[in-house]
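Try each task before reading its solution.

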Amino acid sequence: MTSSKTEGIPLPPVLPDIKDLLEHYLIDSESLPIHDYKYSRKFWPTYPEPKRLFSPTLNPLTTSLEVERDPATGFITGVKEILNKEHGSTAKNSFSLKRNPGPPEEAVRGSTTNFPFWPGGIPEPTIVKDVINEQSLFNKNEYFIKHPKLSRGIDFREKEKEVPLLITEKFAVEKEVINLSEMLNVDDDAFKFFEIQEKKVSQKKGLQLENITKDEEALISNFQVETTFASSDQDVIKISEGPSKEAVMKGTEWAIVVDINSTVDDFHIRIPNPACSYPFELDTFQKQAIIHLEQHESVFVAAHTSAGKTVVAEYCIALCLKHMTRAIYTSPIKALSNQKYRDLKMKFQDVGLLTGDIQINPKASCLIMTTEILQSMLYNGSDTIRDLEWVIFDEVHYINNAERGHVWEEVIIMLPEYVNIVLLSATVPNTVEFADWIGTIKKKKIYVISTSKRPVPLEHYLYTGTGGKTKDEIFMVVDANKNFLIKGYDEAVAAKAEREKKYKKTHGPKQKAMSFWGPKQEMNMWVGLLDHLSKKELLPVVAFTLSKKRCDQNATELRSQDLTTQREKGEIHNFIKKCTDRLQGNDKILPQVISMQELLKRGIGVHHSGILPILKEVVEMLFAKGLVKLLFATETFAMGVNMPARSVVFDSIRKHDGIKFRDLLPSEYIQMAGRAGRRGLDTTGTVIILCKNEVHDMNDLKNMMLGKPTKLESQFKLTYSMILNLLRVEKIRVEDMMKRSFSEALLLKNHSKYLESIRPLEEELNKMPELNCIMCDGIENFYATAKDYLQVRKELIKMVLNYPNAKKMLQVGRIVKISWKHYQNCVGCIVKIDPRTPNKYGVLVLDLKDRSSSEEENVLIKSCLSVIEEGICLLEKTSHHTLLEIDFSDIIGLSNKQLKVDGEKIVKNIEKRNIPRFRDDPPGASVMEVITVLQRINETKGSDISFINLIKDLGIRDIKPVECSDDLEDLRDKIHSYTCLECPQFSEHFTMAYNRLQLMEKIARLKFLTSEENLNLHPEYQSRKKVLRQLKYIDEKSTVTLKGRVACEIGNHELMVTELLLDNIFTPKPIEEITALLSSLVFQQKNCSEPNLTKELQEGVKQFREVATKIGEIQRESGLQEPVGDFVDQFNFGLCEVVYHWSLGMSFNKIMELTDVQEGITVKCIQRLEETLRDVRKAAKIIGDPTLYDKMEKASTSIKRDIVFAASLYTQ
């Protein structure tokens, strides 16, 4: 049948017409299905099941049994029933360790709906009593009759009167009066009523006697009879602990510095049954650390790379295995976690690993994880924390990292009280300060064990050779004893200068030897250096090259070099084949895989973030076996597992830190140089710095090689994630977290001192008489306005006197009006201008012969009173004078009069007469000339001079000074409007009020210092709360909304993801577009090729940027300083095309042709993207979007394949 014949035929009537149905139901509503008899009534028959009574669901017990022991012998003496205070508590409503465990699936990672365990060091909040008159609430005459909240009760007094009490019984009743107000407090002490007898035993130490006379009491007080019962845990003798004999140096209240020079000869006596033994003799610092670990004390071990800090960590883990508790080992980077897992797994079997995408043996006694994972577990109330005895923080100096350093601080603050801490760090200069901060916030002592001794001393050299005959040009500049050798440095400079001289003879005087330095010269230099190192037996060597591109270039240029034997080549080939057999299909023939195989067979390796993770692990393992002889690496190789080399070479000592190029910091240089020298194999480690263009400056080298390492500094910052996580649990406040950060350590330390200072000041204030004067009622307002006037005037003077016209007038001989100390509104003459201090002036003024000490003390009072008078300060006829050294901001008026005087003569004459033997000499003629003019001005009350208008007469038209001048005029008018100025005793009354107001200001200042408003981050916190409130993440009472709980599930860019999620931007898009767009949240490389995006992706990018702009604008409106453009630009869409095609199933080899981003960075981006997809999936579940949940699950599956998610070699 043709198409023309079928055009008029309608579709078959499969479904009834909706219009007809609607009309039918409107006319006959009773025909609606809801009125059908089937739905009218239903009956569900019930059948008895008596057997259900055999397994009833029991409520938690409100009491439990506790064993009583003799504190001296430890034998059980009885059993007592105690109240279970945590009755009915769960992870959803309690911070207590005794709460019921959560479901098994939340045991490891926890849940964002859980409460965290209460952090140690933060005082638990007490329930605030209602502000009610206690006398009216608890009437002692009526509380046996009726409840205070009820209108009436039952009177039992008649019955009580029938039972007469003996005098002794009455006395006992009075002694045991129970305070019902304390009983009604619903807190942990609510049921102490039942423990009155126990309280009495523990309130006082010693034997307690009742019903004794005063004479008997006086007699007994002469004999201190101690009880044998221990009143607290501190009094119990711990048999396992021997006497502490270690020498302790001076530290602080919480940081105890252990003297590492004190030997521990009795180590085996004090630790007879060590948790872990070693086949070698431990160093002193290791023994001291182990002794403190055995005593359950926290330690901070700071030592150089390869010094043996790992021994401390291993012993800590062994202790946990012995105690059947748990240890968590945190590392700064995921790769280091994998390496540590392998190393610790070889020593201890019960080891697990937790990363963003891997979970191996999560119930193990030792868990390895990144610090971010532990942070998440603490916030989410993971039950794993219950068994935690130790947390080991490796590479603590990573706290200085600007991006992630705040995580370390948050974790340390959030750790529960019972968890002890082991800190491992490279040598830093402020270990005591950092340990004291931790001890202060956790209320536990931290033992600092720091050693600057390096097991293998380092020798530092400068290499000036360029290959060929100069290949052995190497000069020692720092010996093994850390002495800088100037002779070696001079020889290196001379060698470089000699080569420059020869080059100019050959190529002309205008040519420089290094002007034609290119790939060929670079290769010749490396060939010569390798030959030199090989002859000196200094291989293997790590060549730190602070650029990924140069690492690859140098390795490629040395393909002609062969550093391995045939046997080693075979071993390398077999190992690489074994590792790459794990890869599938085309992944085995990726260009980077083939290239790296060829290099490794020649003994050359490359290690940086652009290398595929599995290849980096291959390089590391081969290097550890000694099969890689030359390794080009960036500084990330220096962090982590101990992989020492015979020598280290620095290709350059300058790096780009993300902002600018700079020299390496001493801590960075020491970290990398520390890879030189293998303990037990080498007597010294060799560090070589290449001098390609010229020899580096000697001072720069000294500072880098021998300078102090970078101090540990706080990088604490507020994040939306932290704020929301704390606001959702309410009792742990964000302010508590801020005040315990390392940046606020000094404020926290002085908090108690400030509080102690307030009390005597308040007592002094209460003793001060109040001012009783009707006319001086507004004197406090006058004081405040006068202070504002003085401040604004100072700002105006600073602005105006910097203008050229004003500077022209500020010359020697100019008559000026000054306001400096007690010289208020005084007239003087400028006699000295020192060009070395341009803002300082010497001014000659008249002075009183004998100025009283009271005038000196009342400078501030005088300055406030000076604002009333607009004229000049008049003195009695006097020739006494003085030369003042004042700041230019103390000059408050410029006159139109300038004297022709020799300022230098005047100054010399005054300085001469300051010498005791010339003190009685008369003033010189130049000085007398100035004094005469000043006396005349004083006599005429300034009528013969006038002062210029600083704005109009100087021709200043800039907005800021003009506005400042107007403000000053307004304040002057306001001052003269106060009625208190009309009081005849105003000066005396102001002095009285001033002293009182000064004291009040001092108290207010101290109270501010102890308040939360004084915290550095408090303004930013308020701004971020405004952002969250405006975006509806929290309500007006700062309670977290459903939208806020969704944001708590997101680990990265929580606001951005939540806004995209709730704006329904993801749901209509296919999974490949969602994954491509979300890659912008995790891709951070700034420079990359422009991606070729589809029309749909371009629309998605536009939507992302619109949401980011909205958030950025709200942040600016709320007071945050981050520009909107910077906030939007942080989302980088450079890898969208690659991820889009990867999600569609394209091979890794093909997607790498779409971009110039290196393979390793691409893999890292996709791995982090999978974590983001997982977060979005959890959020979709919370908001009840099953469609998006399924899409996120499929999106994760689409990208989680092949070489990108190949298992780590360390975990196999």
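**Exercise 1.** In which strand is L65 found? Then decide whether L65 is buried or exposed.

Solution. L65 lies in strand 1. Strands are DSSP runs of E with at least two residues, helices are runs of H or I with at least four, and both are numbered from the N terminus. Residues are numbered from 1 along each chain as its sequence is written. L65 has 68% relative accessibility, so it counts as exposed. Buried means under 20% relative accessible area, exposed over 50%, and partly exposed in between (1.4 Å probe, protein chains only).

The model is predicted: local features need pLDDT of at least 70, side-chain atom pairs count only at pLDDT 80 or more, and totals for chains, interfaces and linings use all residues, while side-chain values use heavy atoms, without hydrogens and water.

**Exercise 2.** Where is D967 found?

Solution. Look in helix 33, residues 959-976. D967 has a relative accessible area of 41%, so it is partly exposed.

**Exercise 3.** What does the secondary structure of the protein come to?

Solution. There are 44 helices and 26 strands.
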